[in-house]
Structures are given as C-alpha cells and as structure tokens.
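Hi,

Here is the structure I promised you.

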Amino acid sequence: MQPSLLLASRVSESFHQRLRARFGVIEAASADFDAAVAALTPELAADIRIVVAFGSTRMPAASLARLPRLELICCLGSGYDGIDLDHARQRGIVVTNSPAANAASVADLAMGLLISSVRNLPAARQYLEAGRWQGNAGERMPPVRGLGGRRLGICGLGAIGLNVAKRAAAFDMEVGYHGRTARPEHPYPYFESILRLAEWADVLVVCLRADAATYHAIDAAVLRALGPQGFLVNVSRGTTVDEQVLLEALKNGWIAGAGLDVYEHEPAIPAELFRLAHVTLTPHIGGATLEAAQEQEACVLANIEAYAAGQPPRTPVPL
C-alpha cells in the first residue's frame, strides 16, 4: 500500500503530480497546520506517515500528536524552525530539510535588498512620484556612497552566507563574518561576536538559522554598534531581529536603513515600516525562484523515496 502523505504547503503542479503518482496524498484543508490536522477525520489522521511543508510552518507537539503513525517530516527549504524537534526526537520522527537548495536565490535577494537600501531606491521612487525630478539640470537627489569599499558583515556563514560573500566580492566589498564557529577554510576575517562584527561593518546581512540561540540576536546593542551610516539586511527569519528595537533604530537614526524579507510575526508587518522611506520590504520571497523550488522539490522527493525504500534519508536534520 502507498504510504499516506499530508501536503501542508503549496507546491508546483508538476511536483504535486509526482507525489500523487507515488503516494496517497492528502491535501491540507488550511494553511494553518493546527487547523489542517484538526480537520482530518480520525481515520485519515491515523494513516498519515509523511508530512511535506515549508520549514517555517508551525508544527507544535499537540498537532503532531494527532498523527500517531507519523514517521517522516520533509521540509521544503533549509529551515525547520517551525517543528517541535523535542517531540520529533521523543517519537523517533525523522525530520529532513533541503539544505542549500535555495541558497543562491536568497543571496540574490539579499544583494537586491542591499542595493535598494544603500542606493535609497524607495525614496527615489517617492521623489519621482512627487514630480520633483525635472531632469539633470534641475533639482537632483543628493549623491550617496556606493557599494565599493564598504564592509559587509555576514551573520551566519552557511550556504546562504557564502553565496552572499561571493556576490559581495563582485561589488568590491570587504567581507567579514560571525558564526557559531570560525571557518578558516574561507578567506574572510572571523569576528567572535555579532556585536564586534557590527562595530566593524557598514552593512550587516543576517543569514542565521532560527533557534533559541539566535532569537533577537540583532538587538539594540548590535544596531547601535552598526551606527548611523550602517544598513541591516535580513533574509533569515524575523525572530533573529528584535523588530520593535529595529523600528526605534530606524525612526531615531541609529542606523541609516534596512532591507527586510522576513518579519518577527509573519505575515503581520508593523504599519510603521511602510511609512519609512529608507526601508525596502519584500514578502518573504528569498527562496521564491523556479530554480530554488525545483531543487527543494527534488531534495524532498529523494528523502521520501529513500524512506519508502527503507533507507536512511538523504538530508536529515540534527535532533
């Protein structure tokens, strides 16, 4: 018999068809995992062996407990912060992710947010919309410092951070980083703390994995150290930045600007952020490219196929 699979996130139609051809797919009735599991009949819930979802999907112990035969959770993307890993460990549920599948795409967006922030593109659009530009002979926006020669500090030199570093080098930026451990195989200077990195950097790009150790890692001290000429870019998870402190920093000039793809209480975004011209905002689209989706889906399918064949998964996460 085909193992039953709960599909709890939207996927491409081609991937959907591949899953349906191989497994008994049950569509989640809601984007909210709690509600989706609660809507299942006891018979369906008892039959589910596999869950496929984005790693940020909140999967608390109470909902996972309603799936008594669950054996495998496959995360689309590198993150798995939404899952109660303690519960998974206690029950022997295997959790997998798609490491590095979207790294290049997220790094591309990080550089886009960086350019938009440093070159003040949101304010430039407002300038045009207000009819203030009358050609080069009239009023012009004041010049700003370019990217070349700036110091870019990367918080988290994993797959995404390394891709950011490679792109920053092409813009003639100086790169430094902080991570859980130093990585001497790479040529960038290592800083023992995010605070020290922020003191050195002109731009801070957050590529941290979300967990208890990185919660509000970007706090008031870090933002003050980054300084009034500094910029913050976050393409990791919103919980890595103290959002209320960031608002205070942006409104009071502690830092020069920010580019944000993620938020602390998604999908809610503080209304004040929309009123700040020196902030670029995007709706958590860092990994939303066709290439990233194809790699993520291929990784998930490989993990499920291995499970179905009684083999170890290809990319398990540490529990």
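The count of aromatic pairs comes to 2, where rings of Phe, Tyr and Trp (its six-membered ring) pair if their centres lie within 6.5 Å. In one of them, Phe 191 and Trp 200 have ring centres 5.1 Å apart and planes at 40 degrees, so this pair is tilted; planes under 30 degrees apart would be stacked and those over 60 edge-to-face, with the rest tilted. Phe 191 is buried, at 17% relative accessible area, and Trp 200 is buried at 14% (buried means under 20%, exposed over 50%, partly exposed in between, with a 1.4 Å probe and protein chains only).

Please keep in mind that this is a predicted model: local features need pLDDT of at least 70, side-chain atom pairs count only at pLDDT 80 or more, and totals for chains, interfaces and linings use all residues. Residues are numbered from 1 along each chain as its sequence is written, and side-chain values use heavy atoms, leaving out hydrogens and water.

Another ring to look at is that of Trp 254: the charged end of Arg 224 sits over it, 3.7 Å from its centre (the rule asks for NZ of Lys or CZ of Arg within 6 Å of the ring centre and within 35 degrees of the ring normal).

Now the sheet. Its 6 strands form an open sheet in the order 7-6-8-9-10-11, with parallel pairing; strands are DSSP runs of E, at least two residues, numbered from the N terminus, and two of them pair if DSSP finds at least two bridges between them. Strand 7 (174–178) and strand 11 (279–281) are the edge strands, each pairing on one side only.

Best wishes

Conventions: Helix = DSSP H or I, 4+ residues; strand = E, 2+ residues; numbered from the N terminus.
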